[in-house]
Amino acid sequence: ILSCAIAKQFGVRERIARIRNASYIDNPHFELSSIGVTQLIDPETAVVDAITQFISTPGAIEAVAFENGKICLREFKITAGMPVVGKTLREVRETNLQAKILVMTVVRKDKAIIPTGGLIVEEGDEILVVFPEHSRGAFMEMLHLPIRNMQKIVISGSNLTCFKLARKIQWDVQKVIWVSPDYEYGTWGAG
């Protein structure tokens with residue numbers, strides 16, 4: 001925060017502060033922009049957001065969200081049991097015209113292919129797709145991947161990231177178990 005204040009005095013336009021203490025983020029009595037911060041980075045929240053993207057689409061190689069989770073970017077490896085194998089992207093698209101799914105790239109034998117509707121999906125392909133969050137179920141169904149409600153998730157560790165992850169997923173999972181080897185920290189988190 002101090003570096004941002006100094007950078008502001010020197011006319012630096014973008015000043016990014018790494019914040020770990022949530023009391024700085026949502027405190028109406030402490031306005032970070034007034035002392036020079038133009039953007040915040042909370043590393044624990046960034047890690048939690050990344051983990052929850054993978055939880056929402058099991059089996060993803062890559063999982064990123066944009067626009068506060070409204071737009072999903074996912075990468076999956078195509079396996080033999082998936083119903084898209086041997087079909088063109090046009091045929092795959094025709095199986096669910098309601099879903100808004102865009103195949104951006106297909107990686108085949110370490111070479112990126114800009115796909116066309118005539119491209120035949122092969123086992124071993126890695127597909128990079130983008131879709132709105134509301135099409136996630138249709139996408140998972142298209143690849144014949146399970147859409148399941150998580151029954152139980154076990155989180156192990158004694159840090160703020162574990163605590164934030166447990167808090168974030170507690171409404172989406174029937175049972176969240178947080179195992180902390182640090183008794184005091186675990187007691188604090190459970191409270």
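Student: Which residues in α7 do Leu160, Phe163 and Arg167 in α6 meet?
Tutor: The model is predicted: local features need pLDDT of at least 70, side-chain atom pairs count only at pLDDT 80 or more, and totals for chains, interfaces and linings use all residues. Residues are numbered from 1 along each chain as its sequence is written, and side-chain values use heavy atoms, without hydrogens and water. Contact means heavy atoms within 4.5 Å. On the α7 side, the three α6 residues meet Tyr185, Trp188 and Gly189.

Student: How many residues in the contact of α6 with α7 are nonpolar?
Tutor: Ala, Val, Leu, Ile, Met, Phe, Trp, Tyr, Cys and Pro count as nonpolar, Asp, Glu, Lys and Arg as charged, and the others, Gly among them, as polar. The contact has one polar and one charged residue. The nonpolar residues number four.

Student: At what angle do helix α6 and helix α7 pack?
Tutor: Helices are DSSP runs (H or I, at least four residues), as strands are (E, at least two), numbered from the N terminus. Axes are lines fitted to C-alpha atoms, for helices over the stretch in contact, and angles run from 0 to 180 degrees between N-to-C directions. Helix α6 covers residues 160-169 and helix α7 residues 183-190, with their axes 11 Å apart. The angle is about 25°.

Student: Are α6 and α7 roughly parallel or oblique to each other?
Tutor: Angles under 35 degrees count as roughly parallel, over 145 as roughly antiparallel, 65 to 115 as roughly perpendicular and the rest as oblique. The two helices pack at about 25°. By that scale, α6 and α7 are therefore roughly parallel.

Student: How many residues of α6 are buried?
Tutor: Buried means under 20% relative accessible area, exposed over 50% and partly exposed in between (1.4 Å probe, protein chains only). Among the buried residues of α6 are Cys162, Phe163 and Ala166, and the buried set packs against α3, β8, β9 and α7. Of the 10 residues in α6, the number buried is seven.

Student: Which residues is threonine 161 in contact with, leaving aside its neighbours within four places in sequence?
Tutor: Threonine 161 is found in helix α6. Threonine 161 counts as buried because its relative accessibility is 18%. With the sequence neighbours left aside, its contacts are Glu44, Val47 and Val48.

Student: At roughly what angle do the axes of α3 and α6 cross?
Tutor: In α3, residues including Ile51, Thr52 and Ile55 take part in the contact with α6. By class, this contact has seven nonpolar, three polar and four charged residues. The two helices are oblique to each other. Their axes come within 9 Å, and the crossing angle is roughly 45°.

Student: What is the order of the strands in the open sheet?
Tutor: Two strands pair if DSSP finds at least two bridges between them. The sheet has five strands with antiparallel pairing.

Student: Which strands stand at the edges?
Tutor: An edge strand here has a single partner strand, so one side is left without a neighbour in the sheet. Neighbouring strands of the sheet are turned by 20° against each other on average, direction ignored. The edge strands are β3 and β6.

Student: Which strands does helix α3 touch where it packs on the sheet?
Tutor: Helix α3 spans residues 43-56, and its direction makes about 115° with that of β3. The strands touched are β3 and β4.

Student: Which residue in β4 is the bridge partner of alanine 63?
Tutor: β3 and β4 run antiparallel and are joined by five bridges. They form a hairpin with four residues between them, and glutamate 67 in the turn has a positive phi of about 55°. In β4, five of seven residues are buried. The partner of alanine 63 is arginine 74.

Student: Which residue in β7 does phenylalanine 76 stand opposite?
Tutor: β4 and β7 pair in the antiparallel sense over seven bridges. Opposite phenylalanine 76 stands isoleucine 127.

Student: Is histidine 144 buried or exposed?
Tutor: Histidine 144 lies in the loop between α5 and β8. Its C-alpha is 6.7 Å from that of proline 83, although the two are 61 residues apart in sequence. With a relative accessible area of 60%, histidine 144 is exposed.
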